[in-house]
Amino acid sequence: MKRTVQRLRTRLAGALLSALALTVAGCSGSTEGSGTPTAKESGQVEKAANRVEPIEDTPKPQLPVTVRSADGKSITVRKAQRVVPLSGSLSEIVFTLGLGKSVVARDITATFEQAEKLPVVTRNHDVSAESVLSLKPDLVLAESTTGPDEAMDQIRNAGIPILVVAPAKGLDDVGPRIEAVAGALGVPAAGDELAQRSEQRIAAVRKEVPDGDKPRVAFLYLRGSASVYLIGGKGSGATSLLEAAGAVDAGAESGLEKDFTAITTEALAQAAPDAILVMSKGLESVGGIDGLVKIPGIAQTPASMERRVVSIEDGVLLNYGPRTDEVLKSLVGQLYGDAE
């Protein structure tokens with residue numbers, strides 16, 4: 001059960017649909033009949049968010065290296081000329097370290113521009129061992145939630161080293177995840193540089209958060225086509241981001257113990273959000289702002305009455321990686337109505 005919940009979080013963070021490879025303009029949360037969206041209703045991500053920004057100097061890997069994987073195993077990486085990252089977040093890290101030319105495949109959740117032409121080696125978010133092995137990788141990078149187990153075992157049994165990276169739960173995980181990947185790639189100094197850059201940029205955005213009352217924000221996971229409407233609680237992955245934006249995670253604060261709970265009028269009334277955070281594809285799936293406020297329970301919230309909705313691209317919202325400062329900047333801008 002625990003592994004199932006963890007995999008759900010990974011899928012939420014990576015966006016469950018293959019249609020995620022959208023341009024920034026295509027991520028707008030506006031829909032027919034909703035008029036021109038305000039900053040609070042906009043689904044736009046910051047202007048460079050669909051690309052990663054590599055560090056200035058491309059590092060030269062120093063291999064072989066032996067590193068500790070999050071699954072408790074020690075792995076030895078002898079070459080890193082053909083790398084397969086099995087999540088969008090891990091792909092971002094490799095490309096931002098300046099080693100994108102070594103990446104030979106992508107997970108369905110790697111939606112940024114530099115990776116979009118790479119072959120996909122996942123099927124409905126499950127790894128295809130045959131697809132991975134056909135590319136003859138030197139190194140596979142995986143999340144602790146990557147699966148199925150049979151596919152991962154098949155890759156290991158073929159002699160391919162797999163670095164498992166601990167899951168991203170919040171802002172404090174940005175640096176350690178970058179450093180773990182950089183260490184396995186033989187570029188620890190570049191990892192330190194990127195981790196420092198990322199943390200500094202996040203800190204700079206946090207300084208711009210307005211003082212005053214902390215808005216209560218509910219993180220909702222929506223898939224209208226499947227009638228899936230969930231509210232995030234403790235462990236949803238959004239709490240750290242919301243707190244950095246000067247907000248309160250309304251679901252977690254209202255006592256929701258599960259990662260995600262079905263939306264009910266009672267749950268929304270208890271959370272009483274001043275604003276709602278959603279993924280852009282989720283907002284689109286329910287018909288934009290106009291459709292969102294018609295969902296039972298949401299219409300009675302302060303957020304609905306003010307039409308105060310923050311929408312951020314699915315493939316980047318909960319990655320907690322090199323682009324998290326952009327996510328935080330977009331969240332702050334939309335939440336307080338001063339987005340550029």
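**Labels and their cut-offs**

Tutor: The axes of helix 5 (residues 174-184) and helix 6 (residues 188-207) come within 8 Å and cross at roughly 160°. Axes here are lines fitted to C-alpha atoms, for helices over the stretch in contact, with angles running from 0 to 180 degrees between N-to-C directions, and helices (H or I, at least four residues) and strands (E, at least two) are DSSP runs numbered from the N terminus.

Student: Why is helix 5 called roughly antiparallel to helix 6?

Tutor: The crossing angle is roughly 160°, and angles under 35 degrees count as roughly parallel, over 145 as roughly antiparallel, 65 to 115 as roughly perpendicular and the rest as oblique; helix 5 is therefore roughly antiparallel to helix 6.

Tutor: As for provenance, this is a predicted model, in which local features need pLDDT of at least 70 and side-chain atom pairs count only at pLDDT 80 or more, while totals for chains, interfaces and linings use all residues. Residues are numbered from 1 along each chain as its sequence is written, and side-chain values use heavy atoms, with hydrogens and water left out.

Student: Which residues of helix 5 and helix 6 meet?

Tutor: With contact meaning heavy atoms within 4.5 Å, Val174, Gly175, Ile178, Glu179 and Ala182 in helix 5 meet residues of helix 6 that include Pro188, Gly191, Leu194 and Ile202.

Student: What makes Tyr320 buried but Arg307 partly exposed?

Tutor: Buried means under 20% relative accessible area, exposed over 50%, and partly exposed in between (1.4 Å probe, protein chains only). Tyr320, at 0%, therefore counts as buried, whereas Arg307, at 24%, counts as partly exposed. Tyr320 lies in the loop between helix 13 (314-317) and helix 14 (324-336), and Arg307 in the loop between helix 12 (302-306) and strand 13 (309-312).

Student: Why is Thr146 called buried, and what does its side chain reach?

Tutor: The relative accessible area of Thr146 is 10%, so Thr146 is buried by the cut-off already given. Its side chain reaches the backbone nitrogen of Glu143 at 2.9 Å.

How values were computed: Polar contact = N/O pair within 3.5 Å; in protein donor to acceptor, adjacent residues only side chain to side chain.
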